[in-house]
Amino acid sequence: MIFDKEILKTTCPRDCYDACGISVIKRKGRVTKIVGDPDHYVSRGALCGKCALAYNGIFLDPKARLTQPLKRIGAKGEGRFAPVSWDEAIGGIATRLKEIIGTGPATRIVHAHYTGTCAVIAGNFPLRFFYRLGAQEVEPDTVCNMAGHVALGYVIGSSAIGFDPRTAKDSSCILVWGANPSASAPHAHKHWLKETPAKVIVVDPVRHPTAEAADLHLQPFPGTDAALAFAMMHVLTRDGRIDRAFIDKATIGWNELEPRLEHYTPSWGEAMTGVPAAQIEAAAKLYGAGPSLLWLGQALQRQQKGGNIIRAVSLLPAITGNYAKPGAGLLYLNGKKRKGVDMGYVTGASLNTGVPTFSQMDLAARLEDKAKSAAFFCWNINPAASSPEQKRLHNALKREDLLNVVVDIFPTDTTDFADYVLPAASFLEHDDLVSGYFNMSFSAQAKVMEPMGETLPNQEIFRRLALAMGYSEAELYESDDAIIANVMRQVGIKGSFDEFKAKGTVFPTAEPVIQFADFKFPTPSGKIEIASAQAEKDGFSRVPEPSVDDRPKDGQLRLLTPASPWLMNDSYANDAKIAKQLGSASVTLNPKDAAARGLKRGDRVRLSNRTGSLDLILAVDDVVPEGAALSYKGRWPKLEGGSRLNVNALNPGLKSDMGESTCVHGVEVTIERV
Ligand SMILES: Nc1nc2c(c(=O)[nH]1)N[C@H]1C(S)=C(S)[C@@H](COP(=O)(O)OP(=O)(O)OC[C@H]3O[C@@H](n4cnc5c(=O)[nH]c(N)nc54)[C@H](O)[C@@H]3O)O[C@H]1N2
Ligand SMILES: Nc1nc2c(c(=O)[nH]1)N[C@H]1C(S)=C(S)[C@@H](COP(=O)(O)OP(=O)(O)OC[C@H]3O[C@@H](n4cnc5c(=O)[nH]c(N)nc54)[C@H](O)[C@@H]3O)O[C@H]1N2
Ligand code: SF4
Ligand SMILES: [Mo]
């Protein structure tokens with residue numbers, strides 16, 4: 001501390017690839033500025049634009065935050081509440097839960113949670129309570145990336161064992177497929193992709209800034225990526241760029257794939273995907289030279305055949321031997337388990353009575369069904385903004401007899417429907433641990449200020465609820481200090497938590513981890529399964545198919561609603577400075593599609609389909625390909641004027657081929673002037 005100035009390290013726990021190190025500047029004991037940690041290998045002194053504003057804006061603003069427990073006094077959806085004490089809120093909720101359990105199955109208590117905070121404790125500890133309760137969980141990944149998890153399970157046995165990004169120093173090619181790091185991983189875009197000696201290829205329908213900066217950009221029509229992968233595999237095989245020794249040693253099923261590849265020429269690929277044959281050749285050549293990294297974006301599988309797409313694309317490293325050596329590998333995510341964290345312990349798996357989860361695509365239907373839902377808890381999630389079938393869901397949330405409890409740090413659209421709103425402390429207000437899902441690092445989250453108002457960390461809220469329910473299991477009351485010490489031990493971090501906080505971030509291994517160095521793949525055969533008997537048993541093809549989605553018909557356009565550079569999922573729209581950056585909600589069309597509809601920039605246009613309609617301002621830009629429309633996710637419905645809806649009003653909640661997962665980039669709409 002220099003005079004009255006103090007600088008503390010902590011870590012951003014948002015649902016973001018980067019997991020930035022943060023410097024919190026305090027003067028006279030008060031937080032005055034939150035910036036990127038200059039010593040941190042990712043943030044290097046600068047947070048992303050959105051967090052730089054939000055952490056110095058709404059996070060520190062008691063008027064923007066929820067600061068007291070609230071009980072509803074208005075109609076559901078109105079957002080009118082009276083403050084109550086914690087005892088009254090917790091007592092009232094426990095009484096209702098006991099009534100529900102006393103009169104029928106506990107599975108009528110439904111809970112949804114996701115990515116508000118991805119910290120180890122605040123993001124997982126509440127599961128212990130819900131397992132003990134016997135409640136039914138909305139499978140969180142079904143709104144995000146479940147199809148990819150299932151698909152990679154078939155091929156390499158796990159979706160959570162990725163390459164170590166540090167290995168990029170030894171790569172000759174990085175293939176970014178279906179991700180937009182310039183928005184969703186801003187520091188990977190700004191530093192990692194710029195500093196690698198590798199050539200960068202981006203495969204994305206949209207020419208976003210990462211694609212713009214790439215050595216090669218392929219623009220397939222959405223949902224056609226499996227065909228593109230097959231055409232690339234054709235070229236690799238034709239040109240002898242496959243690694244037969246690796247295929248023999250580490251894979252099964254090549255004999256079933258190889259004879260089929262002959263048909264899928266680059267010109268066939270061009271016809272199926274819209275990517276010029278010469279670009280398919282060029283991409284195969286660059287990737288085939290190796291060592292190469294393949295980054296599978298989460299967007300890639302948000303399609304009707306998203307699981308098949310991931311299976312098909314993930315064959316590229318298998319047939320070219322791009323595993324088990326420096327500079328090679330595939331990444332979807334690097335899970336917490338990969339760093340040594342025992343997630344069964346953290347989530348209290350011992351209390352899990354095995355209630356099946358259900359898909360978030362079915363949430364609205366479930367909440368309409370009185371026989372199947374009597375209470376709904378939301379924590380770390382804002383489904384009134386992020387979930388499909390938005391209008392139907394909002395109506396279901398108005399059910400008078402549904403006990404609705406929402407834990408959040410801000411008054412969102414979802415809290416507006418609550419009977420009880422429980423105010424959570426933010427990540428700045430309690431100790432925790434953060435394991436980013438891109439890099440192999442592990443970080444400390446430090447309490448840098450007192451909880452605002454009466455807020456409590458998620459975990460403390462659920463400890464209090466457990467007590468009010470009369471539960472006696474020790475797991476429900478384990479302290480943060482004890483969990484932190486246990487998890488640090490699991491990860492292999494020596495010393496005290498105070499010492500860890502002073503460092504901020506550590507790498508459990510000094511050298512880049514070589515992915516699958518031991519050639520052990522956690523599949524049934526122990527090898528990469530190009531052909532999967534398990535997939536076949538589950539009703540899928542043994543070998544991935546070169547299939548594509550039909551192009552939209554009757555003047556419809558494919559609506560893509562990816563991550564916005566200014567929003568964090570469905571967070572931050574309530575920050576005034578961010579709202580200014582965002583401007584009005586808009587949709588971008590290719591100039592040809594705009595002209596064909598007689599539309600021009602600035603027009604007010606209506607997007608419609610069978611699920612709903614939404615009015616937006618038109619932007620026109622050839623970064624968007626013909627046949628597609630681009631509008632970012634994450635705006636707050638209640639801040640959108642009269643409609644009180646966002647893009648999820650148009651999302652029918654269809655399920656992709658695997659994992660009952662979202663196909664949110666497979667939505668089709670018509671667009672006309674209002
Ligand atoms: N149209 C469309 N919809 C999508 C997507 C898309 O691409 N297009 N993407 C989908 C994807 S990938 C995802 S992951 C989901 C994400 O959807 P959500 O999980 O709903 O979104 P988040 O904004 O990450 O977090 C939800 C809430 O957590 C709160 N929160 C933050 N910190 C804390 C805390 O410490 N405690 C508590 N209790 N709450 C906290 C935030 O204020 C926020 O309201 O959205 C999905 N929806
Ligand atoms: N700033 C910011 N960062 C975020 C988030 C955020 O909301 N804002 N959300 C976080 C979360 S929860 C997630 S899951 C990740 C998601 O991050 P990403 O994996 O990057 O996914 P998206 O943002 O959905 O979409 C990325 C790109 O995929 C493209 N795409 C859509 N359909 C297809 C297709 O069929 N084929 C191909 N090849 N490309 C396609 C879109 O055009 C878009 O440019 O980002 C995380 N980071
Ligand atoms: S959201 Fe991502 S880029 Fe922004 S500060 Fe957090 S970790 Fe860094
Ligand atoms: Mo996500």
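**Ligands and domains**

Analyst: Let's begin with ligand 2: it has 34 residues around it, and D15, D204, D225, L567 and N569 come nearest. Here a residue is near if one of its heavy atoms lies within 4 Å of the molecule.

User: Before we go on, what am I looking at?
Analyst: This is a predicted model, where local features need pLDDT of at least 70 and side-chain atom pairs count only at pLDDT 80 or more, while totals for chains, interfaces and linings use all residues. Residues are numbered from 1 along each chain as its sequence is written, chains are lettered from A and ligands numbered from 1 in the order in which they are written, and side-chain values use heavy atoms, with hydrogens and water left out.

User: OK. Which atom of ligand 2 does S564 sit by?
Analyst: A nitrogen atom of ligand 2 is 2.9 Å from a backbone N or O atom of S564. The protein covers 99% of the 910 Å² of accessible area that ligand 2 has on its own (Shrake-Rupley method, 1.4 Å probe; for residues, only the protein chains shown count as cover).

User: And which domains does the shell around ligand 2 draw on?
Analyst: At least three residues come from each of domain 2 (163-331) and domain 3 (557-673). Those bounds come from an automatic or database domain assignment.

User: Now ligand 1. Which residues come nearest?
Analyst: T115, N382, S386, D408 and S571, out of 31 residues around ligand 1. For D408, a polar side-chain atom lies 2.6 Å from an oxygen atom of ligand 1.

User: How much of ligand 1 does the protein bury?
Analyst: 97% of the 920 Å² that ligand 1 exposes when taken alone. Its shell draws at least three residues from each of domain 1 (70-143 + 357-492) and domain 3 (557-673).

User: Switching topic: how far apart are the centres of domain 1 and domain 2?
Analyst: 38 Å, taken over C-alpha atoms.

User: How many residues are in contact there?
Analyst: Four residues of domain 1 are in contact with nine of domain 2, contact being heavy atoms within 4.5 Å.

Technical notes. Polar contact = N/O pair within 3.5 Å; in protein donor to acceptor, adjacent residues only side chain to side chain.
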